[in-house]
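Work through the exercises below with the sequence and the coordinates open. Each task is followed by a solution in steps.

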Amino acid sequence: MAEKPRAKAPQAGDKLAFLLVLVPYLMERGRVSVTDVATHFSVPEEQVRDAVRLIAISGIPGDTGTYQHGDLFDLAWDDFEENDEILLTNLVAIDDSPRFSAREAAALIAGLQYLSGLPENADRTAISTLMAKLSRGASATPSPVAVEGTESNAVLAVIRDAVDNGTQLGFDYIDWKGEAGHRIVDPLRVESLDNDWYLRAWCHMRESVRTFRIDRMIDPASTGEPVAFRTRDITLGESLFEGSRDDIEVTLEVAKAALPLLADFSPAAAEPTDDPEWVRTTIRVPHFHRLKRLAAAMSATVRVVAPSDARAAVAEWASAAVSRYTGNPDPVT
């Protein structure tokens, strides 16, 4: 009769790998039996006992360079020897690793809750797992947090369902002129800019990618029709607003320090001006309303140079804004 082959003895690398995962496991579980540990890691019980004995003589020497009391791991030896149970009673090195405070962990969890509601974050299981790890790994139990729903969140939920189900969206949309029209789109991605949310989607009316402000979408709903395009089918540019043939070219003078803030507009190469602290560049905008928003956000660091009707539109808008506060109708130049 052939002799039954002996089980292969674990190599040094295997023993080290086992120790590296065993210590965090024991720290998290607290009291646990040798049998449960062996079952969890699919190793012989005697290997678990050998590893635990090795852990008990492991640690980091203190300032003297020699091991003192408290420099080594320790365990409840009576429980280990008599009941085959493992309970670490002194932890070193690993327990001193930096951890998030309860407030930091709560803030991160709130952010993850918010991100999990966005359509492009399809792997919500991974986000839930990360939130659980943050809760367990914090220095104290994080305060319970919840992200309050808004009207935009309700629209985002509709978009998320459409993305998950691969169906088109139908909605009425109010454009920058205040005119409403019905759109059928294939939703692609949701992004934010200046505290506003936007949907980038394939518009079947325009037959191209368009960007829609979510707070201007009225009664969005799935049409039940399958989408013609998904994110994998279309290469979306880095800029939120894609240019078109109808865009208006505008010349600006911008403070050098503020030039990076124009990145979304893909500005032309900067040219020097008479003022060494300012440069001149050109951008393209779909309409003057977008230019007004830019002027409002960068009022002290950008000047509209040309064309003349662009200067006039921004000046008229600024004059109207000032008159609301001062009652003075004098124009702004």
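What percentage of the contacts in the protein with a separation of 6 or more is accounted for by residues 24 or more positions apart?

Solution. The model is a predicted one. Residues 24 or more positions apart account for 55% of the contacts with a separation of 6 or more. For context, the protein has nine helices and 13 strands. Of its 333 residues, 33% count as buried.

**Exercise 1. The largest nonpolar core**

Task: find the members of the largest nonpolar core that touch the most other members, and the elements that supply the core.

Step 1. The core holds 21 residues, and those touching the most other members are Leu22, Leu26, Val37, Val48, Ile55 and Ile86.

Step 2. Two or more residues come from each of α1 (12-29), α2 (34-41) and α3 (45-55). The largest share, six residues, is that of α1.

Step 3. Take Val48 as a case. Leaving aside residues up to four places away in sequence, Val48 touches Phe18, Val34, Val37, Ala38, Val43 and Ile86.

Step 4. Met298 returns in Exercise 4.

**Exercise 2. The packing of α2 on α3**

Task: classify the orientation of α2 relative to α3 and describe their contact.

Step 1. The axes of α2 and α3 are 9 Å apart, and the helices pack at an angle of about 110°.

Step 2. Angles of 65 to 115 degrees count as roughly perpendicular, so α2 is roughly perpendicular to α3.

Step 3. On the α2 side the contact is made by Val34, Thr35, Val37 and Ala38, and on the α3 side by Glu45, Val48 and Arg49.

Step 4. Sorted by class, this contact has four nonpolar, one polar and two charged residues.

Step 5. The loop between α2 and α3 contains Ser42. Its phi is near 55°, a positive value in a residue other than glycine. Ser42 has a relative accessible area of 66%, so it is exposed.

**Exercise 3. Met298**

Is Met298 buried or exposed, and which residues does Met298 touch?

Step 1. Met298 sits in the loop between α8 and β13.

Step 2. The cut-off for buried is under 20% relative accessible area. Met298 has 5% relative accessibility, so it counts as buried.

Step 3. With residues up to four places away in sequence not counted, Met298 touches Val254, Ala258, Leu261 and Leu262.

Step 4. For Met298 and Val254, the separation is 44 residues in sequence and 9.1 Å in space, C-alpha to C-alpha.

**Exercise 4. The hairpin of β7 and β8**

How many bridges join β7 to β8, and which residue of the hairpin takes a positive phi?

Step 1. β7 and β8 run antiparallel and are joined by six bridges.

Step 2. The hairpin has four residues between the strands, and Glu207 takes a positive phi near 55°. Glu207 lies in the loop between β7 (196-203) and β8 (208-213), and it is not a glycine.

Step 3. The cut-off for exposed is over 50% relative accessible area. Glu207 has 61%, so it is exposed.

Technical notes
Residues numbered from 1 in each chain as written. Predicted model: local features only at pLDDT ≥ 70, side-chain atom pairs only at ≥ 80, totals over all residues. Heavy atoms only, no water. Core = buried A, V, L, I, M, F, W, Y, C linked by side-chain atoms within 4.5 Å. Buried < 20%, exposed > 50% of the residue type's maximum accessible area, 1.4 Å probe, protein only. Contact = heavy atoms within 4.5 Å. Axes fitted to C-alpha atoms, helices over the stretch in contact; angles between N-to-C directions. Parallel < 35°, antiparallel > 145°, perpendicular 65-115°, else oblique. Nonpolar A, V, L, I, M, F, W, Y, C, P; charged D, E, K, R; others polar. Pairing = 2+ DSSP bridges.
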